[in-house]
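Me: Could you take a close look at one part of this model for me, namely how its helices pack against each other? I'd like the geometry, the contacts and whatever they lead to.

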Amino acid sequence: MSTLYLFADAAEPVFDIARVIEDAQADGWDVCLGLTPTAARWLAGSLDGLAVLTGHPVRWDHALPGEPDVWPEASAILVAPATFNTVNRWALGIVDEFVVGAVAEGIGKGIPMVALPYVSAAYAQHPQFERSLETLRGAGVSVLYGEDGFLPDPPAPFPWRPALDAVRVRVAVD
């Protein structure tokens, strides 16, 4: 079975994460869930249930030196929802959080990755955001933003299914 690292930020779509995990599992993925610290706080009451659902501990912090890795090796990574903050920190290589560190390292390891940003229209206008999207695309990340992914205005349902499909396609191509 292939392993999908599902990394999620603190944005409204994170509240659908259990359903997304179930959908990914139905697609044949062994899912490991990683969260930003704020997303972990938002889902604090569900973390034990999410760990049972995935069969793996939910992670939101770096392991201590010498601690064994508790997850199997990733076959693919999906970062969704990816906030303005995470997209920019990832592109700039600022790895102060577990999720951003894991995806930055994933670029170097050549792990197939898909990012599905979730930003407001105002954040999308910031000049760094487009530069960050281009940096990630240039590093081989499939970024689902714009006509082929998330559009901030008008808000629409978050495209979880297209994101999972994009991961499947990405793995088939790599």
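Reply: Happy to! A crossing is called right-handed when the near helix is turned clockwise from the far one by less than a right angle, and left-handed when it is turned anticlockwise. The model is predicted, so local features need pLDDT of at least 70 and side-chain atom pairs pLDDT 80 or more, while totals for chains, interfaces and linings use all residues. Residues are numbered from 1 along each chain as its sequence is written, and side-chain values use heavy atoms, without hydrogens and water.

Let's begin with α1. Helix α1 (residues 17-26) and helix α8 (residues 160-173) cross at roughly 35°, and their axes come within 11 Å; axes are lines fitted to C-alpha atoms over the stretch in contact, with angles from 0 to 180 degrees between N-to-C directions. Helices are DSSP runs of H or I, at least four residues, numbered from the N terminus. This crossing of α1 and α8 is right-handed. From α1, the residues I17, R19, V20, D23 and A24 take part, and from α8, W160, R161 and L164, where contact means heavy atoms within 4.5 Å. By class, that contact holds 5 nonpolar, no polar and 3 charged residues. (Nonpolar covers Ala, Val, Leu, Ile, Met, Phe, Trp, Tyr, Cys and Pro, charged covers Asp, Glu, Lys and Arg, and polar the others.)

Helix α1 also packs on helix α3 (residues 47-54), where the axes come within 10 Å and cross at roughly 5°. That angle makes α1 roughly parallel to α3, a label for angles under 35 degrees. Here I17, A18, I21, E22 and Q25 of α1 touch L50, L53 and T54 of α3. The α1 and α3 contact has 5 nonpolar, 2 polar and 1 charged residues. I17 belongs to the contact with α3 and also to the one with α8.

Now for α4 and α5. The axes of helix α4 (residues 84-92) and helix α5 (residues 98-109) come within 9 Å, crossing at roughly 45°. The helices α4 and α5 are therefore oblique, meaning not roughly parallel, antiparallel (over 145) or perpendicular (65 to 115). Their crossing is right-handed. T86, R89 and W90 of α4 meet V100, V103, A104 and I107 of α5, giving 5 nonpolar, 1 polar and 1 charged residues.

Helix α5 leads on to the largest pocket, giving 5 residues, the largest share of its lining. Of the 22 lining residues, R59, D69, F98, A102 and E105 lie nearest the pocket's centre. (A pocket is an open set of 1 Å grid points where a 1.4 Å probe fits, with protein on both sides within 12 Å along at least five of seven lines; lining residues have an atom within 4 Å of a point.) The lining comprises 13 nonpolar, 2 polar and 7 charged residues.

Definitions and conventions. Helices (H or I, at least four residues) and strands (E, at least two) are DSSP runs, numbered from the N terminus.
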